[in-house]
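Subject: Structure handover

Hello,

Here is the structure we talked about. My notes follow below it.

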Amino acid sequence: MVDYPVHSHDLVIIGGGLTGLRAAIESSKADFDVAVVSKVHPLRSHSVAAQGGINAALANAVGGEDDSWERHAFDTVKGSDYLADQDAVEIMCKEAPRAVIELEHMGTVFSRMKDGRIAQRPFGGAGFPRTCYAADRTGHNLLHTLFEQANSRDITIYPEYYVTSLVKDGGRCVGCTALNIADGTLHGFAAKAVLQATGGYGHLFARSTNALINTGDGAALAYRAGVLLEDMEFVQFHPTTLYGTNILITEGARGEGGYLYNNKHERFMKNYAPKAMELAPRDIVARAIQTEIDERRGFEGEYVHLDLTHLGADKINQRLPGIRLISMDFAGIDPIAEPISVQPGQHYSMGGIAVNTKGETELTGLYAAGECSCVSVHGANRLGGNSLLETVVFGKLVGGEIAQKLPSISKPSTEPLKEACRKESERIDKLLLREEGERVSNIREELRKMMFDHFGVFRDEKTMKEGLEKLHMLQKRFSNAYIDNKDLVFNYTLIYTLELEGMLLIAEALALGAIERRESRGSHFRTDYPKRDDEKFLVHTMAYYRDGKTELEYAPVTLGIFPVKERVY
Amino acid sequence: MKMKVFRYDKETQKPRYDVFEIEPTPGMTVLGALFYIRNNLDDTLSFRYSCRGAVCGICAVQINNVPRLACRTQINSLLEGTAEINLRNYPVEVKEKWDPREEVLVEPLPYFPIIKDLIVDKTRFFEFYNATKPVFKPADEPPKRERLMDPETVKELENYTNCILCAACVSSCPVNLKNPEYIGPAALAKLYRFHIDPREPRDDSRVLLMNNKTGWWGCEFHGNCRRVCPKGVPPIIAIGKARSRIDKIGKVPPEFSKK
């Protein structure tokens, strides 16, 4: 019998992006033995792709001198269409200035105002500059800074390990199993606590801005372990993704003064958000663009124009150099000379693993933070600049919470980990030993297209129910999925297949949540129920996985100082 | 067109080139073509990927004998000859013939040990990175608010903080390819980034850390690092400036002194 290696640590963090690294730094301060297990080297995490910035009421910028955490919180709650939990929003917005200053103190090179303070730019959903930035490469700069910090501490990193299951013992999470991608061996990770920081489920959808690795693995792991998924139907479609590849074109491009035009050279946002115009929140701008395209005012029936030419070469080169490079590299467009072709695309997962404000899930010993979690600071629609903020605020907070608890938790036995490895090995062998069947890539591409077509920017009951049926067909087809690649070394086709299995599972929670929510709120827009319905649906959707089936329940929203109002921009 | 792809696995230990016939769609990148192959023609092909938007640095491979990001290199521009990068004094010999008008040759980065197909072991690259002690060391206790920085200084710093650690530069550097001890352009650019950070002590300890042949003095100014960098980072300029600084403070090691 194979003797599976089991690595014991105090805390195992799954995911090496901003949340995972920030939590690792925090929890390792007290000399705990912390490990980060990640399916890519931490520097290749999707956090690196965040462009526009991180919100904090620093009150540095002209026009924002009287900014405060309360104003930030109000904008966040209003932006969320009142579905965000106001206690979580309060924590995040209060902590924001300290979090940004701390990143600066760790070495991040933020863009600066003339007087040397951190520069801020306007973003959607706020009327003035609040978003701190490092040109249009904010995520890159933050991730490299946090990696440098984590790398200089005594933190064990397991790069290119794909976590295949969470392991429970006596009703508590005691670790996980993971496939070492480099050689195909299964490993157990025993831990007093496990923190999931695994990112979003963007690649459930075609036309996603997300890295190819964002397949909702964390949500699937937790769901299978009996943990609730919250508000999965809330998926952010970013208004401006590059036509062709759907690479993100930051909201900062509009924050710096970019205009949106339809094929009549009309700044059409005046018809949708006459005050906020291009800087209305993302859900509103995305629907406006999609409407223009659907009503034949787009170009080639596919996109509208984002025009930066009036900003001039200097401003574009200084503030948006990455956008210029992306436009040139991936679309052959130089935004100094001509408008960029943009269309809405999936961008962010508001829903995720249900956690309280301490990052605790329902399963003792299992925590979650960042995009994979739903705490919920974003509610039905996230404001630009709040996702980077969530990663560092809750990464630190949850890392600290866990560190406080660790001394009172005893070391788990390694036996359940070995047992789990045996089971996982059987599951994977079954997949590898199948000698014929259907190519997984077909199923995966059909799933992504189906989700975009049936659960996209505009939704209605009929289309969604058809989508759910298609999903069931795809799930059935997966039981016959086949891969040629039997090699153990860097078998990314196997990883791709394991990802797909999880995607098919959590897609159901998303689909059911969307079908049952018979209202329009934030990113979830129902053409058959175009109004928000606070009486029935000012609640969080909670999906449970019981006996192989998804069931829904609802939980109240934590309200607070901001009364629920109509949302007008 | 044809993709000529390097293949290797530990079991057979016999490197070979597989040829795949594909119809490039407009804008198709080398990464897109690799996925097309894996999804439709041969799912045993191994390559790394993540952001597919030229920011994560994971997918650098050798394309037509030049190290570059697979996600940022378009098939058509290669065939049309509009994406050429001319390397200087590049010692990597072409092992497989290909016709650049009809074929794209994809191989693993040279310099690193090959593990499987296009996947290499980058351990050494991160050893070089770590050798520069790449973590911010401020000169003083943190103030209550942010430390102030001049926007012009930030601009200069951004030249180097833009590095995505893809290792294309190391793979294109003639010195790296002949001197296994040389820590190479990416690590030196990182070190220089900390040297010019005005929030760090102004004591030259950063430049003096690599005041030897494995560091600043190993460079021969071939300039390939700058040519292949997908982010426009100029390690060659950092190296030149670091040497000038060392010269100015009179710390040039005798073996590198012009006098």
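Predicted model: local features only at pLDDT ≥ 70, side-chain atom pairs only at ≥ 80, totals over all residues.

On the side of domain 1 of chain B that touches domain 2 of chain B, strand β4 (residues 66-69) of chain B gives the most, with three residues.

As for the bounds, the domain assignment of chain B puts domain 1 at 2-119 and domain 2 at 122-256. The C-alpha centres of these two domains of chain B are 29 Å apart. In terms of contact, 22 residues of domain 1 of chain B meet 23 residues of domain 2 of chain B.

Between them, the two domains of chain B bury about 1,800 Å², and 62% of this is on carbon and sulfur atoms. Of the area that domain 1 of chain B buries against domain 2 of chain B, 35% is supplied by R88(B), Y111(B) and F112(B), more than any other three residues.

One helix is also worth a look. Helix α1 of chain B covers residues 30-41, 12 residues in total. From first C-alpha to last it reaches 15 Å, close to the 16 Å expected at 1.5 Å a residue. Its buried residues are V30(B), L31(B), A33(B), L34(B), F35(B), I37(B), R38(B) and N39(B).

Regards

Methods
Residues numbered from 1 in each chain as written. Chains lettered and ligands numbered in written order. Heavy atoms only, no water. Helix = DSSP H or I, 4+ residues; strand = E, 2+ residues; numbered from the N terminus. Expected span 1.5 Å × (residues − 1). Buried < 20%, exposed > 50% of the residue type's maximum accessible area, 1.4 Å probe, protein only. Domains from an automatic or database assignment. Contact = heavy atoms within 4.5 Å. Buried area = accessible area lost by both parts, 1.4 Å probe.
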